[in-house]
Amino acid sequence: VGPLESVIDPIAGAWVKPLTASQRVEVMEELKGLKADTLNSFANCAIEPRVVRHSFSLEVKYQIAHPWEIKELKAFDSRYPRANGYVHFSCIGLNPSSTQALFHVERVMTSNALSKWVLMEVNSSGHWIVTQEFVTLIA
């Protein structure tokens with residue numbers, strides 16, 4: 001997402017497979033304060049893909065790509081010539097009281113990629129805020 005054309009992957013769920021024990025340990029160690037219930041919720045939702053719809057209220061214009069465009073670079077470049085890649089979101093894991101959220105986001109660009117975990121919590125004013133981020137890949 002940025003000043004050029006912004007494109008979002010239509011399928012949420014990068015894994016579509018269970019988190020490994022080592023992934024669970026790594027995320028719990030890196031994101032201090034992450035509740036086990038929140039991680040478990042994420043692990044349960046991450047095993048099934050979900051469709052992303054064009055329903056976000058953002059300050060920048062964005063498009064939802066077609067699934068085949070994400071897999072075929074020529075088709076993607078043809079349809080979105082001003083885009084410098086796309087953003088892929090995972091599902092969102094929530095704790096039982098819905099005050100803590102965990103998700104994974106990737107920004108895949110033509111020349112590099114960024115992958116990170118994001119932990120959000122509801123603050124005392126009732127607003128969601130990012131409390132921690134953990135970068136797992138820069139390529």
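Modeller: A salt bridge is counted when a side-chain nitrogen of Lys or Arg lies within 4 Å of a carboxyl oxygen of Asp or Glu. The model discussed here is predicted, and with that cut-off the structure holds 1 salt bridge.

Biologist: Which residue forms a salt bridge with Lys116?

Modeller: The pair links distant parts of the chain, with Lys116 in strand 8 and its partner in strand 9 (residues 128–138), 17 residues away. The closest N and O atoms are 3.3 Å apart. The residue that forms the salt bridge with Lys116 is Glu133.

Biologist: Is Glu133 buried, partly exposed or exposed?

Modeller: Buried means under 20% relative accessible area and exposed means over 50%, with partly exposed in between. Glu133 has a relative accessible area of 47%, so this residue is partly exposed.

Biologist: In what order do the helices and strands run from the N terminus on?

Modeller: The chain has 4 helices and 9 strands. Written from the N terminus on, the order of these elements is β-β-α-α-β-β-α-α-β-β-β-β-β.

Biologist: How many bridges pair strand 7 with strand 8?

Modeller: Strand 7 (residues 100–109) is joined to strand 5 by 5 bridges, and these two run antiparallel; in that pairing, Tyr86 stands opposite Val108. Strand 7 also pairs with strand 8 (residues 113–122) in the antiparallel sense, where Leu102 has Leu119 as its bridge partner. The number of bridges between strand 7 and strand 8 is 9.

Biologist: Which residue in the turn of the hairpin formed by strand 6 and strand 7 has a positive phi?

Modeller: Strand 6 and strand 7 pair in the antiparallel sense over 2 bridges, and Leu94 stands opposite Ala101 in strand 7. Between the two strands of this hairpin there are 5 residues.

Biologist: Which element gives the most residues to the largest nonpolar core?

Modeller: The largest nonpolar core has 14 residues, and those with the most contacts inside it are Val27, Leu31, Leu34, Phe42, Leu102 and Trp117. Two or more residues come from each of helix 2 (36–45) and strand 8. With 4 residues, the element that gives the most is helix 2.

Biologist: Which elements are included in what covers the buried residues of helix 2?

Modeller: In helix 2, the buried residues are Thr38, Leu39, Phe42, Ala43 and Cys45. What covers them includes helix 1 (21–30), strand 3 (50–51), strand 6, strand 7 and strand 8.

Biologist: Which residues does Leu34 touch, not counting those up to four places away in sequence?

Modeller: Leu34 is among the residues with the most contacts inside the largest core. With sequence neighbours up to four places away left out, Leu34 touches Val27, Met28, Leu39, Gln100, Leu102 and Leu119.

Biologist: What distance separates the C-alpha atoms of Glu121 and Gln132?

Modeller: Glu121 is found in strand 8 and is partly exposed, because its relative accessible area is 25%. Not counting residues up to four places away in sequence, Glu121 touches Gly33, Thr99, Gln100, His127, Trp128, Ile129 and Thr131. Glu121 and Gln132 are 11 residues apart along the chain, and their C-alpha atoms are separated by 9.4 Å.

Biologist: Which residues form a nonpolar patch on the surface?

Modeller: The patch has about 280 Å² of accessible area in total. One of its members is located in the loop between strand 5 (85–89) and strand 6 (93–94), namely Ile92. The residues that form the patch are Ile92, Leu94 and Trp128.

Biologist: What share of the accessible surface of the chain belongs to carbon and sulfur atoms?

Modeller: Of the 139 residues in the chain, 37% are buried. The accessible surface of the chain comes to about 8400 Å². The share that belongs to carbon and sulfur atoms is 56%.

Definitions and conventions. Residues are numbered from 1 along each chain as its sequence is written. This is a predicted model: local features need pLDDT of at least 70, side-chain atom pairs count only at pLDDT 80 or more; totals for chains, interfaces and linings use all residues. Side-chain values use heavy atoms; hydrogens and water are left out. Patches are made of residues with over 30% relative accessible area and no salt bridge: like charges are joined within 9 Å, nonpolar side chains (Val, Leu, Ile, Met, Phe, Trp, Tyr) within 5 Å. Accessible areas come from the Shrake-Rupley method with a 1.4 Å probe; for residues, only the protein chains shown count as cover. Two strands pair if DSSP finds at least two bridges between them. A nonpolar core is a set of buried Ala, Val, Leu, Ile, Met, Phe, Trp, Tyr and Cys residues joined through side-chain atoms within 4.5 Å. Buried means under 20% relative accessible area, exposed over 50%, partly exposed in between (1.4 Å probe, protein chains only). Contact means heavy atoms within 4.5 Å.
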